[in-house]
Amino acid sequence: MTIDTNNMLESILQSLSRIDYIKPEDIPNIDLYMDQVTTFMNEQLAASRRYPEDKILTKTMINNYAKNNLLPPPLKKKYSKEHLLVLIFIYYFKNILSITDIQALLKPLTDKFFHTDGDFSIENIYSEVFSLERSQVERLSKDVAEKYKLSKSTFSSAPEEEQEFLQLFSFICFLSFDVYVKKQLIEKLVDSFSPTGKKS
């Protein structure tokens, strides 16, 4: 088994450097029907697909989000700019949190700030949070490179033909542990302000 881990790392870091977010000004200022919402989201978030055939968002997903109180219901079957911003939050959260946790996290936000004007609208909150994204990507790139370097120092006494695979396995474990710890922290934070959360 031959894995070009140096090229793989370079490819990962290049992907990280290209990470971007949907800017509020890129979202149409007119309300959209369901088909327009799924088309927009699938086009805007296409770079985050693992496989070309993966769907970012489907009608069924959107209906389920509304049914489970993650997303305020549409008005006359149309979705506003705020709906799309909430859908973007859901898209990122759903990879690491349960539907219940996402609901606990987003319901206070939509209850207080959905369809409101002023400094704390959904759009303002979205812009403030995502404006920090670029600096986080730089930190994350350094962290990934450090974990990779650390993984290359493991299994030095393993048989040469197994060393590369074992070092790649170490790298995946280091990254997974980081995700695991942060997921635990996020769940505790969600529980701390959720009225239905299980306090530990």
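The end C-alpha atoms of residues 84-106 lie 13 Å apart, and this span is 78% helix and 0% strand. An unreviewed UniProt entry lists these residues, 84-106, as a "transmembrane region"; UniProt positions are given in the numbering used here, feature names are shortened, and annotations may be inferred rather than shown by experiment. This is a predicted model, in which local features need pLDDT of at least 70 and side-chain atom pairs count only at pLDDT 80 or more, while totals for chains, interfaces and linings use all residues. Residues are numbered from 1 along each chain as its sequence is written, and side-chain values use heavy atoms, with hydrogens and water left out.

**The chain as a whole**

- Eight helices and two strands make up the secondary structure of the chain; helices (H or I, at least four residues) and strands (E, at least two) are DSSP runs, numbered from the N terminus.
- The chain has 200 residues, and 34% of them count as buried, where buried means under 20% relative accessible area, exposed over 50%, and partly exposed in between (1.4 Å probe, protein chains only).
- About 13000 Å² of the chain is accessible surface, and carbon and sulfur atoms hold 57% of that; accessible areas come from the Shrake-Rupley method with a 1.4 Å probe, and for residues only the protein chains shown count as cover.
- Among contacts (heavy atoms within 4.5 Å) with a separation of 6 or more, 64% join residues 24 or more positions apart.

**Helix α4**

- Helix α4 covers residues 81-93, and its 13 residues reach 19 Å from first C-alpha to last, close to the 18 Å expected; the expected span of a helix is 1.5 Å times one less than its number of residues.
- This helix is mostly covered, with eleven of its 13 residues buried, including Lys81, Glu82, His83 and Phe89.
- The buried residues of α4 pack against β1 (32-33), α2 (34-44), α3, β2, α5 (99-113) and α6 (122-130).
- Glu82 and Asn29 are 53 residues apart along the chain, and their C-alpha atoms are separated by 9.7 Å.
- Asn29 sits in the loop between α1 (5-17) and β1, and counts as exposed with a relative accessible area of 69%.

**The loop between α3 and β2**

- Lys76 belongs to the loop between α3 (59-67) and β2 (78-79), and Lys77 is found in the loop between α3 and β2 as well.
- Most residues other than glycine have a negative phi.
- Lys76, although not a glycine, has a positive phi of about 55°, and Lys77 has a positive phi near 65°.
- Lys76 counts as exposed at 75% relative accessibility, and so does Lys77 at 67%.

- Helix α8 has 34 residues and reaches 51 Å from its first C-alpha to its last, close to the 50 Å expected.
- Buried residues in α8 are Gln167, Leu168, Ser170, Phe171, Val190 and Asp191.
- Tyr180 lies in helix α8, which runs over residues 160-193.
- Together with Phe177 and Val181, Tyr180 forms a nonpolar surface patch of about 330 Å² of accessible area.
- Patches are made of residues with over 30% relative accessible area and no salt bridge, with like charges joined within 9 Å and nonpolar side chains (Val, Leu, Ile, Met, Phe, Trp, Tyr) within 5 Å; a salt bridge is a side-chain nitrogen of Lys or Arg within 4 Å of a carboxyl oxygen of Asp or Glu.
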